[in-house]
Amino acid sequence: MNPVLAELHDKARAVLDPVHYDFFAGGVGDEVVLAENEAAFRRRALLPRVLRGIEVRQDFPVLISPTAFHKLAHPDGELATARAAGTTTLVSSMASTVPIAEVVAAASGPVWFQLYVQPDPAVTEALVRRAERAGCAALVVTADSPVFGRHRRDLAHGFHDLPAGLAAENMRDLTGPGLRTIEMSPAVSWGHLDRLREMTALPLWVKGILHPADAVLAVEHGVAGIVVSNHGGRQLDLVPAALDALPAVADAVAGRVPVVLDGGVRGGGDIAVALALGASAVGIGRPVLWGLAADGEQGVRRVLDVLHDEFLHVLTLCGGELSRDVVVARC
Ligand SMILES: Cc1cc2nc3c(=O)[nH]c(=O)nc-3n(C[C@H](O)[C@H](O)[C@H](O)COP(=O)(O)O)c2cc1C
Ligand SMILES: CCCCC(=O)C(=O)O
């Protein structure tokens, strides 16, 4: 792991309420997948090409993955994350503790809105309109959550709700009192995705694809892009590491839409490996939360800066271009 990210993680662990730290850090079940997401990168080595005479000039292929409840990490919450994002795309969770319009207003780069399709179509449509009005540049539908993941750390702490004063602000005036604000529903299907495409002109991404056949379906249903993700090991503790699922999905998609990988990216070398295995960019989840908890806007900026710097360094050492053949197993 990049040492700056490790330092920010340590600081976040020290400053956060342990219950909130565990909400951010934890995974589902025995946390096998949580560990595997990072371990999968350690199982790969890069086989650099040399003497290619290429000076690296490349956009930073990173998005901020959607994570809920940033005010649990820092009082400025998603406002700090948005300010720190700069030109990096921020995928803002529907479960943000700042309303999406304020997140977009604080950002200088693109903000995408992550959506859990709600059982009540009127609530889903209201959220889409809210994202459109706010000026979001895309919708990201999370597909891997037909039910809430069972996070043992949260269950052990009895952590079920936000502390007084914090709320999932995008839901505030949409769901009646006494309702659990955000619902997950196993009834959500490709038909819902089709209806969303008809409902809005915003590009529609789908997040949480692992099976190549679902990647093909997603392309057939007209998505603008796919996020290969196991939700950071927070949904089903039996799935492969996100990185291990990437090559087959990239093959199935065959360049028709961009494929983003998230889960376990903890350094510039990890970004290079994911790109070589078929990703067009990676998403970063927890490291952003650690930066935010440790040092607010500055902390998030540091996370993005060190990843950018390290990625360019690794890319230069790899001869400037990444393809499948530069990744080998580390035996
Ligand atoms: C605390 C936390 C909250 C999350 N909230 C959401 C969310 O609201 N919507 C969503 O689609 N994914 C959510 N995720 C999953 C992330 O978008 C992403 O897939 C995952 O964190 C990537 O793995 P990483 O943390 O190893 O980088 C959450 C993850 C964490 C750790
Ligand atoms: C309703 C909040 C969902 C957050 C989430 O997706 C996660 O904690 O993984």
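This is a predicted model: local features need pLDDT of at least 70, side-chain atom pairs count only at pLDDT 80 or more; totals for chains, interfaces and linings use all residues.
The shell of residues around ligand 1 is made up of 12 polar, seven nonpolar and four charged members.

**Around ligand 1**
- In total, 23 residues surround ligand 1.
- The closest of them are Ser65, Ser93, Thr142, Gly232 and Gly285.

**Annotated positions**
- An unreviewed UniProt entry carries the annotation "binding site" for Tyr116, His231 and Arg234.
- His231 sits in the loop that links β7 (225–228) to α10 (242–253), and Arg234 is placed in the loop between β7 and α10 as well.

**Surroundings of His231**
- His231 is buried because 24 other C-beta atoms lie within 10 Å, where 20 or more are needed.
- Setting aside residues up to four places away in sequence, His231 touches Asp144, Ser145, Gly149 and Gly208.

**Surroundings of Arg234**
- Arg234 also counts as buried, because it has 23 C-beta neighbours inside 10 Å.
- Beyond its neighbours within four places in sequence, Arg234 is in contact with Gly27, Val28, Gly149 and His151.

**Helix α12**
- Helix α12 covers residues 286–317, and its end C-alpha atoms are only 27 Å apart.
- A straight helix of 32 residues would span 46 Å, at 1.5 Å a residue.
- After α12 comes Gly319, which has a positive phi near 85°.

How values were computed
Residues are numbered from 1 along each chain as its sequence is written. Chains are lettered from A and ligands numbered from 1 in the order in which they are written. A residue is near a molecule or strand if its C-beta atom, placed from the backbone, lies within 6 Å of it. Ala, Val, Leu, Ile, Met, Phe, Trp, Tyr, Cys and Pro count as nonpolar, Asp, Glu, Lys and Arg as charged, and the others, Gly among them, as polar. UniProt positions are given in the numbering used here, feature names are shortened, and annotations may be inferred rather than shown by experiment. Helices (H or I, at least four residues) and strands (E, at least two) are DSSP runs, numbered from the N terminus. A residue is buried if 20 or more other C-beta atoms lie within 10 Å of its own, exposed if 12 or fewer, and partly exposed in between; C-beta atoms are placed from the backbone. Two residues are in contact if their C-beta atoms, placed from the backbone, lie within 7 Å. The expected span of a helix is 1.5 Å times one less than its number of residues.
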